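Dear colleague,

Please find below the structure that I am handing over to you.

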Amino acid sequence: MVMAAVVMFGLQFFCNQQYERECKSGLSSSMMFIFGGAVAGLVVLLAVNGFKWEFTPFTLFMASLAAIDGMVFNFCSLKALGKINLSLYSLFSMLGGMVLPFCLGVFFFDEQFTLGKAICLVAVIIALTLSVEKSQSKGGLIYYIGVFVFNGLSGVIAKFFQASDLPKTSEAAYSVWTAVMTALFSGVILLFAVRKSPIKLNAKAVVSMAGNGILNRVANFLLLLSLAYLPASVQYPMITGGVMIVSTIIGYFTPNKPKAREWISLALSFAGIMALVLI
């Protein structure tokens, strides 16, 4: 499940970047991206859940938190991608997605801090740093911090939901409610934003928007399921290292071939994952 999610996250980065190129990163285009992705993901998740509806107040509350977190993350992502290159964006995004859930698991859920986890954490951080290319754009620090924090919070919220003893729905129903609340919140904002700034969507933008939503929703659903079996301090470093490997391999089949340091980053990420699994 984790490996399938890793592949989806690796592909998702390219959807984000493609949409930003086509529609830029204003409020209305950002909300359309979030709304359209949530609707596309919702359809797939409803099919996964057999078109059944489950409900508890706790699930709705956590799904609302996850929806708000995801909306702010997507908004910050589109803004950041308008200022920095994909590698620098990936650094902030994946470090946040790894470090915050890792610290939560170790310090608040008594997950053991092992040598393998330490090696993996250090190896992936070095790999991320090596993969970064210098960006020519200046400014936008608040969006970089937002990408770091809110991507990390998605893992934190998922861990709290999975570990809670309060009455809750299945993981599939929680994922459905997260998509519903995301579509609801972003749709309301979109109604007001589009009046001031109309959106022009083309085929590439629509495909990128729907692709991002489906990949993101299904990947996060798989990660939520796997949290029932894996500690957060194992799962999220594995995801970060895995996404780096997948992104590098995908990049090999594009005009922008991976450079030597990116292959070194791939090797370090793979070594870190092996340390996590074997030590």
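Seven helices, α1 (2-23), α3 (57-81), α4 (86-108), α6 (141-163), α7 (171-196), α8 (203-226) and α9 (232-252), each supply at least two residues to the lining of the largest cavity. Please note that the model is a predicted one. Of the elements concerned, α3 gives the most to this lining, with seven residues. The largest cavity has a volume of about 680 Å³ and is lined by 37 residues, with F9, N151, S154, N216 and N220 lying nearest its centre. By class, its lining comprises 20 nonpolar, 15 polar and two charged residues.

A search of the whole structure returned two cavities of 30 Å³ or more. The second largest cavity holds about 60 Å³ of space. Its lining is formed by F33, I34, G37, A38, N74, T182, N212, G213, N216 and R217. The elements contributing two or more residues to that lining are α2 (27-48) and α8. Sorted by class, the lining of the second largest cavity has three nonpolar, six polar and one charged residues.

On the surface, L115, I119, F270, M274, V277, L278 and I279 form a nonpolar patch, with about 690 Å² of accessible area together. Two or more residues of the patch come from each of α5 (115-131) and α10 (260-278), and the largest share, four residues, comes from α10. L278 is classed as exposed because its relative accessible area is 67%, where exposed means over 50%.

Yours sincerely

Methods. Residues numbered from 1 in each chain as written. Predicted model: local features only at pLDDT ≥ 70, side-chain atom pairs only at ≥ 80, totals over all residues. Heavy atoms only, no water. Patch = residues over 30% accessible without salt bridge, like charges linked within 9 Å, V, L, I, M, F, W, Y side chains within 5 Å. Areas by Shrake-Rupley, 256 points an atom, 1.4 Å probe, with all protein chains shown as cover. Salt bridge = Lys/Arg side-chain N within 4 Å of Asp/Glu carboxyl O. Buried < 20%, exposed > 50% of the residue type's maximum accessible area, 1.4 Å probe, protein only. 1 Å grid on protein atoms, 1.4 Å probe; cavity = no way out; pocket = protein on both sides within 12 Å on 5 of 7 lines; lining within 4 Å. Points joined across faces, edges and corners; volume = space filled by probe spheres on them. Nonpolar A, V, L, I, M, F, W, Y, C, P; charged D, E, K, R; others polar.
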